[in-house]
Amino acid sequence: MDLELKGKLAVITGGSKGIGLGIARTFAREGANVLVNARDSKALEAAARAISDDFGTTAIPVAADVSTAEGCEAIIKAAAAAGGADIFVSNAGTGSNETVADAPDEKWMDFWNLHVMAAVRLSRGLADQMEARGGGAMLMNASICAVQPLWYEPIYNTTKAALLMFGKCLSSEMIKRNIRVNTVNPGLIRTPDWENTARELRGESWEAYLQEVADEHADIRRFGTVEELADFCVFLCSPRASYSVGSAYHVDGGMLKTV
Ligand code: NDP
């Protein structure tokens with residue numbers, strides 16, 4: 001299937017590793033140019049260079065912290081300078097670990113800024129560019145935890161639930177401008193982040209730990225690969241998914257325990 005993405009510009013936050021990098025590489029594989037963002041400029045530039053080398057498309061690195069207004073503005077300006085965005089994937093994010101009783105206000109605000117305000121500011125700023133180019137697509141990367149919480153991370157669960165609702169509200173507004181908005185709720189996706197956590201918890205038997213997590217949570221009894229998720233996300237952002245509007249899609253190997 002031709003995803004009709006050749007020559008489009010896709011903006012992906014958190015694009016230096018893990019899921020964001022997988023999504024960026026998949027867009028590039030389909031002939032799209034990408035603007036990738038993360039805070040660590042060295043890792044980001046290396047990732048962008050590898051994308052250009054491997055797929056022959058343009059990969060623009062923009063080192064910025066999306067949890068700040070200035071960071072979002074830098075991305076919006078860089079996308080405009082490249083001719084304007086056609087696609088936006090709000091992906092940057094991270095897990096948390098706390099109890100409601102102990103977590104200070106600052107921690108709640110930091111995660112609110114990272115998971116929600118980044119999506120608010122970037123979608124607002126990039127929408128004008130997309131409209132000027134005839135329309136586009138936006139994808140919020142929330143989490144299964146937006147609807148089925150894990151007990152140790154109430155701040156993550158709550159801010160991802162807010163992102164899911166934001167995507168729905170944004171969709172109604174944006175479709176009038178020919179911009180489709182959807183949300184993806186991944187389950188267990190094997191990223192360096194998960195592997196590092198497993199190593200910290202279990203040392204040499206870290207792979208056994210990951211298997212235990214998969215056995216406990218996912219009916220399919222394994223983690224998903226970044227590529228499995230990225231293929232789904234890139235399809236959703238492509239013109240071939242033109243009737244998918246304002247929906248949330250679980251990519252979770254059967255982890256969700258409700259209908
Ligand atoms: P990783 O930790 O592997 O990658 C996170 C990326 O985001 C990195 O590129 C990181 O780069 C960047 N990033 C983090 N904070 C910021 C910031 N403030 N500004 C700009 N960039 C930032 O995470 P994953 O790939 O595992 O997760 C990606 C997204 O998917 C997250 O939103 C996560 O919640 C979601 N998700 C992941 C699941 C999983 O199982 N892996 C399951 C469900 C959802 P740098 O540190 O240099 O800024």
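With which residue does Glu228 form a salt bridge, and how far apart are the closest N and O atoms? In this predicted model, local features need pLDDT of at least 70 and side-chain atom pairs count only at pLDDT 80 or more, whereas totals for chains, interfaces and linings use all residues. Residues are numbered from 1 along each chain as its sequence is written, and side-chain values use heavy atoms, with hydrogens and water left out.

The chain is divided into domain 1 (9-188 + 225-251) and domain 2 (190-223), with bounds that come from an automatic or database domain assignment. The C-alpha centres of the two domains lie 24 Å apart, and their contact (heavy atoms within 4.5 Å) takes eight residues from domain 1 and eleven from domain 2.

The size of an interface is often given as the accessible area lost when the parts come together. Between domain 1 and domain 2, about 710 Å² is buried, 65% of it on carbon and sulfur atoms; buried area is the accessible area (1.4 Å probe) that two parts lose on being put together, summed over both. Of the area that domain 1 buries against domain 2, 61% is supplied by Leu188, Thr225 and Glu228, more than by any other three residues.

The partner of Glu228 in the salt bridge is Arg222, and the closest N and O atoms are 2.8 Å apart. A salt bridge is defined as a side-chain nitrogen of Lys or Arg within 4 Å of a carboxyl oxygen of Asp or Glu, and the count between domain 1 and domain 2 is one.
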